[in-house]
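Here is a short briefing on a protein structure. Please look at the sequence and the model before reading the points.

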Amino acid sequence: MAGKKKNRGLVVVANRMPVRRVKKGRAGDWETSPGGLVTALAPMLRERGGGWVGWDGSTGRRASVPFVHDTIRIRPVSLTGKEFETFYAGFSNKTLWPLYHDSIREPQFHRRWWWPYHDVNMRFAEAAAEVAGEGDLVWVHDYQLQLVPGMLRSLRPDARIGFFLHIPFPPEELFAKIPWRTQILEAMLGADVVGFQTRLAARNFSRAARRFTEARGPDGLLRFRGRRVVVDAFPISIDVDMYEQMARDPEVAVEAERFRASMNGRRIMLCVDRLDYTKGIDIRLRAFDELLSRGRYTAEDCVLIQIAVPTRESVEDYAELRDNVERLVGRINGTHSVKQHIPVHYVYGGLPTAELVSRYCASDVMLVTPFRDGMNLVAKEYCTTRIRGDGVLVLSEFAGAALELKQALLVNPFDVDGLAGAMEEALEMPRAEQKRRMTSLRRAVRARSVHDWADGFISRLREG
Ligand code: G6P
């Protein structure tokens, strides 16, 4: 039995694949996607000859063919254009995403979205059942695929099934609104281990499970239909060594200096977010406007760089947010520019990792102020790359990361005056205090890398 456990393979099931099509070069070639999940799991998968089931990002295409990339067996799942609308844009991103983020946008409940969500989840479960070997570990990820654990358990009772939710799990009274709440919870309880970013999210889940299903038992260990289900927090992290090494790379340092020089000695405040309405970008900009209106700082003293990474552009709320943010940037720049200095530099698009790290290294202050965020890895990346031990992190109380990064300047992201005050405090913080705080922040991030996160989850899954 022990030998069998040792040889268990691993199959990851996530909405996104770990690879993307190369833009240049031969058509049909793939490259590894940047991002924490892939970095954390790829070594494990290589070691175990593992598999990955994911959507290839296309719509309306012919069924995609399985292939091997860097020893990982990839099993693409394709979506039709209709399923993109109903499963992805609809149920995943207009029902679950806003509801799980404190309903900061009104979630929409449509029966015509539920069934495609159900059916696409079934397709992922069937693909996972095909890929997984006898007794393998199958690790299912995130809100798009919450029904997969239960479906897979029916198809493959021999598998050890784990589920990890990357986003918050809402309080019971919000979750209660979902017309399909019981089906979702029962399916999640099909897993042997259900993981969340925070203890609060884990507790919310256990409470909802006891209320809406026949699950019983204490928060951390539920009993459901004769099985035990471990429920716990596994806070995700970043590849600490990789970010630190990058920050030490002389080319990155040169680029950071070049960038600083291009800002003409002004203090730099940096913001890096997917252009998502949960990220608090609009209120943060209004707070910067307020800071400049107070008169103590002008565009000659400081600049705010907003890197806004495009996301889910087909969903109306996202298009609307982009319009609002760009209008605000225009208004602030129109009102507060001084001579040749404009106060907000707005970049619509992502940056390659090395360039992003050079921006972290060049910035005096990092503003991470989501209204609600499962974790927020940008905050951890900033601290890790501050190898000189200075810099100030302003962090929302409502990001999961705030539970670990206690020496950040913690703020309420809804409070415009409070945010403006925190920006001022950050700009004025003496170097000694910056160093004291940053040393502790860096230690906190270092304590747990994304590899520890993945190892921690997998060892809990193997137990039992
Ligand atoms: C969040 C979610 C992920 C998702 C990512 C990008 O981080 O937790 O599951 O993949 O956003 O969103 P997208 O809709 O482009 O996959």
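**Briefing: cavities, sheet and helices**

The largest cavity holds about 40 Å³ of space. This is a predicted model, in which local features need pLDDT of at least 70, side-chain atom pairs count only at pLDDT 80 or more, and totals for chains, interfaces and linings use all residues. Residues are numbered from 1 along each chain as its sequence is written, and side-chain values use heavy atoms, with hydrogens and water left out.

**Cavities**

- A cavity is a set of points, on a 1 Å grid over the protein atoms alone, where a 1.4 Å probe fits but cannot get out; lining residues have an atom within 4 Å of a point.
- A volume is the space filled by probe spheres set on the points, and grid points are joined across faces, edges and corners.
- Two cavities of 30 Å³ or more are present in the structure.
- Pro18, Val19, Thr32, Val38, Ala42, Arg46, His69, Asp70 and Ile72 line the largest cavity.
- Helix α2 (residues 36-48) gives three residues, the largest share of that lining.
- The second largest cavity has a volume of about 30 Å³, and its lining includes Gly391, Met429 and Leu441.
- Four residues of this second lining come from α16, the largest share.

**Sheet**

- Helices (H or I, at least four residues) and strands (E, at least two) are DSSP runs, numbered from the N terminus.
- Nine strands form an open sheet in the order β5-β6-β4-β1-β7-β8-β9-β11-β10, with mixed pairing; two strands pair if DSSP finds at least two bridges between them.
- The edge strands, β5 (67-69) and β10 (221-224), each pair on one side only.
- Strands β7 (residues 137-141) and β8 (residues 160-164) run parallel and are joined by five bridges.
- Leucine 137 is opposite arginine 160 in β8.

**Helices**

- Axes are lines fitted to C-alpha atoms, for helices over the stretch in contact, and angles run from 0 to 180 degrees between N-to-C directions.
- Contact means heavy atoms within 4.5 Å.
- Helix α4 (residues 111-131) lies across β1 (10-16), β4 (51-59), β6 (72-79) and β7, at about 155° to β6.
- Helix α8 (residues 199-212) lies across β9 (193-196), β10 and β11 (227-233), at about 150° to β11.
- The axes of helix α11 (residues 281-294) and helix α15 (residues 416-428) come within 8 Å and cross at roughly 65°.
- Among the residues that meet there are Phe288 and Leu291 in α11 and Leu419 and Met423 in α15.

Conventions: On a 1 Å grid over the protein atoms alone, a cavity is a set of points where a 1.4 Å probe fits but cannot get out, and a pocket is an open set with protein on both sides within 12 Å along at least five of seven lines; lining residues have an atom within 4 Å of a point.
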